[in-house]
Amino acid sequence: MKNRKKRYLSILILIMLLITIPIILYNYYGPGRKQIVAANNFIKKLQSENIIEKNRKHIKFQVVEKTGIQKDNEIYSLISDNYRIDLNKNYDVISFVDKLKTNSVINLTPEEGEAIAKEYLLKICHGDYRVKEVNKNDLKDESPFYSIIFSKYEDGYPYYSEEVIININKNNGKLQGYVNKTKDDNHNDIKINISKENAEENALKLFKDVGSHGKIIGKSYLAFCNKKESAYKSELAYVVNVSNGKENMIYFISSNSGKLINAFSNAVKKTKVE
């Protein structure tokens, strides 16, 4: 009798294991689980730091099928009732949007929004980031948030194209959007062998060589940028803006050799979280 009970108990345990093990394996290793875990962890961090409103409702993310550029760049998009998150191939959060609607009453000044953005950035990202600008379009009353753009710095110099954008809700001061356009790559050794004036002369000559006289616009400065032939190592260069009123070019002149590293037209739209 005892042996029969033991046999029944063993069979029951075996059946339970056969049912629960696949469920456990699916929850941890099923399609999109790594992405969902990363997204949930990010939301938990924001809530624990009081960066977003704490939502008692269970958050259920689902992975959106990748297409086009997202598929090529291995970007994963996840959505829930309240949030949208994008992850890179390493499951790092590169974009976040809080879709919850709040009161339209403005309770924060741009200066207060900027101060809050600095505070949040320290809790989300590691490294040296400094305010580049506050998006002027978002200073208008109809915009529900202030958009503060930060540049990534290393060794005292900014990376030209590496930015973090923080959107602060004008009503409650919470994080409404976040975009991280930084990379983990390093720069070449810093060498400054030419002056800013020499770099500007070289840029004006390059502009003239394509058939037009131009003048320097704004203040030239040093920043890390990528060479045309390489997307990996960045080099310190003078960023020089040249215009003739119709055409506008930005030249990157090596601080080491004085040679052109890269160049492009300044007709580029600003990126922001929508």
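Trainee: Where is the place of E111?

Mentor: E111 sits in helix α4, where helices (H or I, at least four residues) and strands (E, at least two) are DSSP runs numbered from the N terminus. This is a predicted model, in which local features need pLDDT of at least 70 and side-chain atom pairs count only at pLDDT 80 or more, while totals for chains, interfaces and linings use all residues. Residues are numbered from 1 along each chain as its sequence is written, and side-chain values use heavy atoms, with hydrogens and water left out.

Trainee: Is E111 buried or exposed?

Mentor: E111 is exposed, because its relative accessible area is 59%; buried means under 20%, exposed over 50%, and partly exposed in between, computed with a 1.4 Å probe on protein chains only.

Trainee: And which residues of α4 are buried?

Mentor: The buried ones are G113, I116, A117, Y120, L121 and I124. They cover an arc of only 140 degrees around the axis, so they lie on the same side of α4, the arc being that of the directions from the helix axis to the C-beta atoms. On the other side of α4, E111 and L122 are exposed.

Trainee: What do the buried residues of α4 pack against?

Mentor: They pack against α2 (33-48), β5 (128-134), β6 (145-154), β7 (157-169) and β8 (175-180), with contact meaning heavy atoms within 4.5 Å.

Trainee: Switching topic, how many aromatic pairs does the structure hold?

Mentor: There are nine aromatic pairs in the structure; rings of Phe, Tyr and Trp (its six-membered ring) pair if their centres lie within 6.5 Å, and planes under 30 degrees apart count as stacked, over 60 as edge-to-face and the rest as tilted. In one of them, the ring centres of Y160 and F252 are 4.9 Å apart and the planes stand at 80 degrees, so that pair is edge-to-face. It links distant parts of the chain, with Y160 in strand β7 and F252 in strand β12 (residues 248-254), 92 residues apart.

Trainee: Which aromatic pair do F252 and F264 form, stacked or tilted?

Mentor: That pair is tilted, with 5.6 Å from centre to centre and 40 degrees between the planes. F252 counts as buried because its relative accessibility is 2%, whereas F264, at 28%, counts as partly exposed.

Trainee: What about strand β10, how many of its residues are buried?

Mentor: Five of the six residues of β10 (residues 221-226) are buried, so this strand is largely enclosed by the rest of the structure. β10 pairs with strand β11 (residues 234-243) in the antiparallel sense over six bridges, where pairing requires that DSSP finds at least two bridges between two strands.
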